[in-house]
Amino acid sequence: MAVTRIGLRIGAGLAVVLSLALTGCGGGAGDRPPSGPLADALADIGGGGANGSLGIGWAEPRVARQSGAGAGLIADALGPNARSVIEAAPRLRRRFGLDPMSAERLVSLGGSYAFGLRLEGVDGRQLGRALTRAGARVRQAGRLELADVGDYAVVPEPLLRAGVHGLGARDAFGPALTVLAISETSRASLLGRGGRLLDQPIYRAAADCLGDVVAARMIPDRLLLSTELGVDLVALGVDGRREVLCVLGGTAERAGEVATAVETSLAPDAREPRSGESMADLVGAFDVVTAPYEGVEVVRAELTLAAGQPPGFLFGAVARGSLVELISGS
């Protein structure tokens, strides 16, 4: 039995919460594989493990900009370390002819911070030559050059001077692909080695839940403020004023508890846990739905931001440390 809870905000402050019991298990959602740009990105990334052990950041800059998202929102989706690559874009472009914001697709890998960043459609070979001059060990792997610079997590001097943090010890460069990573493992995952994330049910469930967004971030439960929420993975997506929160994994009982907590946290009389702002001023409307997807429990909250609010409320909740409280209701 799948349970759907819907929360609506009407007018200036009336909240209506309905609980509907739907016949069937999962409503058939698990019968169709997820599709779209985010699912395509997950199909190109390897590694992972049971229950969503890897976090992902994703954006397609051109599409994101068309929806009104700027570089700051894209950086928020990719997470710390990868964020610095977006912020350093003007210097990277001037020094190495590498423009992250011209990428067809950006995918970061990690958790509370990025272990690596994949830039598709970006020729980073000029940067590769600069790293070679800085002492990188380079070897050929098909059409790619793999560059190892110093020890694990070392940031090479050319990248450090450009303002990049955390990434660059293990890299890959080709005519239409650049990878900046912290380790050989994260580089291999970003090159699609070690199985596909899309083959794992929890990532399929996350892609299906987020749907048609222009930027997304997935974070393993235990890496949100090092707190166990009784779930496995939290996924966030943005498309203009519409934002999506997906809480995945755990038991059906825990999914019901999370749904109730999220409804309470987003109610008009609630306040943002860290800033203290009235939720009525931040979120104009929302609905919360629970349903399993291929055996993965999913709680989905879709938010419409209040008039005048900039996109990125959920990404900001991660940075503020309030997302855990929104999900747990504490």
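The conversation below takes several labels in turn and sets each against its definition.

Modeller: This is a predicted model, in which local features need pLDDT of at least 70, side-chain atom pairs count only at pLDDT 80 or more, and totals for chains, interfaces and linings use all residues. Residues are numbered from 1 along each chain as its sequence is written, and side-chain values use heavy atoms, with hydrogens and water left out.

Biologist: How do you know how many helices and strands the protein chain has?

Modeller: Helices (H or I, at least four residues) and strands (E, at least two) are DSSP runs, numbered from the N terminus, and the secondary structure of the protein chain comes to 13 helices and 14 strands.

Biologist: What makes a residue buried or exposed?

Modeller: Buried means under 20% relative accessible area, exposed means over 50%, and partly exposed lies in between, with a 1.4 Å probe and protein chains only. Buried residues make up 55% of the 330 residues in the protein chain.

Biologist: Why is strand S3 called largely enclosed?

Modeller: Strand S3 covers residues 55-59, and because 5 of its 5 residues are buried, S3 is largely enclosed by the rest of the structure. Gly55, Gly57 and Ala59 point one way from S3, while Ile56 and Trp58 point the other way, and all are buried.

Biologist: What makes S3 a partner of strand S4 and of strand S10?

Modeller: Two strands pair if DSSP finds at least two bridges between them. S3 is joined to S4 (residues 105-110) by 5 bridges and to S10 (residues 215-220) by 4 bridges, so both count as pairs under that rule. S3 runs antiparallel to S4, with Gly57 opposite Ser108, and S3 also runs antiparallel to S10, with Trp58 opposite Ala216.

Biologist: How do you know that Cys209 and Cys246 form a disulfide?

Modeller: A disulfide is a covalent bond between the sulfur atoms of two cysteines. The criterion here is a pair of cysteine sulfur atoms within 2.5 Å, and the S to S distance between Cys209 and Cys246 is 2.0 Å, so this pair qualifies. The pair links distant parts of the chain, with Cys209 in helix H9 (residues 201-210) and Cys246 in strand S12 (residues 242-248), 37 residues apart. A search of the whole structure finds 1 disulfide.

Biologist: Why is this disulfide called left-handed?

Modeller: The torsion about the S-S bond of Cys209 and Cys246 is about -95 degrees, so the disulfide is left-handed. Cys209 and Cys246 are both buried.

Biologist: What makes helix H9 largely enclosed?

Modeller: In H9, 8 of the 10 residues are buried, which is why the helix is described as largely enclosed by the rest of the structure; among them are Ile202, Tyr203 and Leu210. Taking contact as heavy atoms within 4.5 Å, the buried residues of H9 pack against helix H1 (37-43), S10, strand S11 (233-239), S12 and strand S14 (298-305).

Biologist: Why is Arg139 called partly exposed?

Modeller: Arg139, in strand S6 (residues 137-141), has a relative accessible area of 40%, so it is partly exposed.

Biologist: How do you know that a polar contact joins the side chains of Arg139 and Asp148?

Modeller: A polar contact is a pair of N or O atoms within 3.5 Å, where within protein one must be able to donate a hydrogen and the other to accept it, and residues adjacent in sequence count only if both atoms are side-chain atoms. The side chains of Arg139 and Asp148 are joined at 3.3 Å, so the label applies.
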